[in-house]
Amino acid sequence: WARIFPTGEEAQPSEEGLKYYEAIIDQVLQKDIEPIVTLSHFDLPLHLYEKYGAWKSRKMIELYEHYTEAVFRHFKDKVRYWITFNEFNILHHLPYLGGGLSFEDGENRNQRIWQAAHYQLFSSARGVKLGKSINPEFQFGGMLVVSRNYSQNLDSAIDAMEAEVKNRENYVFTDVQVRGSYPNHFLRRLEREQIALDIENDDFFDLRVGKVDFVSFSYHASSNSQEVFINKYGYNNTNKNPIDPVGLRLAMNNLYDRYQKPLFIVENGLGAVDKPDENGFVADDYRIDYMAAHIKEMKKAVELDGVELLGYTSWGCIDLVSAGTGEMSKRYGFIYVDRDDYGKGSLKRTPKKSFNWYKKVIASNGEDLTNE
């Protein structure tokens, strides 16, 4: 967003920004790779935060639509798959990261968060509606962080209900994107907390019209959803989430049964403090084992359970700076980047052991998962 509309309020998009992405997309297409583009990935222009308070303001709706129209028209013949917002449901847990929200003393945080959520959901629906008018072949997805919450006591219906409540909260955003309306349990919550949202009559119409075509999601671990956000975004790297490949299959079945829409796994990977040898090489067998186990369970969901799956993309191909904390030490990539948490290092890139392993996985369409 900020590369194409630096302040967010320009009348015309940056040609330099469009060319930047066009070069990437053209390279991808030349390699016979289908691009999937996320329109907003925690990257709104700083000016919009400073002037409007980011997604606190209804003004963001028209600015987001202006931005997406420019992108849709420029890439209408090169990109088919679009995700409107990255990890929608993170807004409730990490509001600054998910919506650029900051709060004054005494401000009703939940009021602000759920209002911002509505503005984003409405913007997503408007984007889908607009995109389909530009190219009816466009396919749109919602995107959420998935972490199945399990009852800690299998003999306790109370615990099971608490786990279900957490799961339902996690799905509120996707419920709206897929079904075009807010679930009753969420509306009851607003009543209990005495939250009245700024929703205009046309909003309800566009939510129904701008429903998504598929459900995309990230999955890294299971357990309490808050722990997964903390773990992934580096707020507490000592927190250990259970690695749970079967949880991916369970999540896929749950999402498909719930929505009856094709799924797309757009993030799955293992974050670890990788230690290179004297040559800079990382023998990350732990990452290979993690991904192989999850791909096996993914295949079971498709082949045994009948889940429709559009695709799988890992997180990620190259080590990068954490969106949450600016750290480099917790790494997800197949390529090691010589850079530390303090910005020091040569930036030399060295393929890890998982790099060639994943090349083999891609070439075999997931059939060859051996670690040799």
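## Packing of α5 against α7

In this predicted model, the axes of α5 and α7 lie 10 Å apart, and the two helices pack at an angle of about 30 degrees. Because angles under 35 degrees count as roughly parallel, this angle makes α5 roughly parallel to α7. The crossing of α5 past α7 is right-handed.

On the α5 side, the contact is formed by W114, A117, L121 and S124, and on the α7 side by F173, V176 and Q177. By residue class, the contact of α5 with α7 comprises 5 nonpolar and 2 polar residues, with no charged residue.

## The largest nonpolar core

The largest nonpolar core of the model contains 48 residues. Within this core, the residues with the most contacts are W1, W55, Y67, F72, W82 and W114. At least two core residues come from each of the helices α1 (15-30), α3 (59-74), α5 (109-134), α7 (172-179) and α8 (184-192). The greatest contribution is that of α5, which supplies 11 residues.

## Surroundings of W82

W82 belongs to the group with the most contacts inside the largest core. When neighbours within four places in sequence are set aside, W82 is in contact with V37, L39, V71, F72, F75, F138, Q139, F140, G141 and F214. One of these partners, F72, is likewise listed among the core residues with the most contacts.

Definitions and conventions: Residues numbered from 1 in each chain as written. Predicted model: local features only at pLDDT ≥ 70, side-chain atom pairs only at ≥ 80, totals over all residues. Heavy atoms only, no water. Core = buried A, V, L, I, M, F, W, Y, C linked by side-chain atoms within 4.5 Å. Buried < 20%, exposed > 50% of the residue type's maximum accessible area, 1.4 Å probe, protein only. Helix = DSSP H or I, 4+ residues; strand = E, 2+ residues; numbered from the N terminus. Contact = heavy atoms within 4.5 Å. Axes fitted to C-alpha atoms, helices over the stretch in contact; angles between N-to-C directions. Parallel < 35°, antiparallel > 145°, perpendicular 65-115°, else oblique. Left-handed = near helix turned anticlockwise from the far one by under 90°. Nonpolar A, V, L, I, M, F, W, Y, C, P; charged D, E, K, R; others polar.
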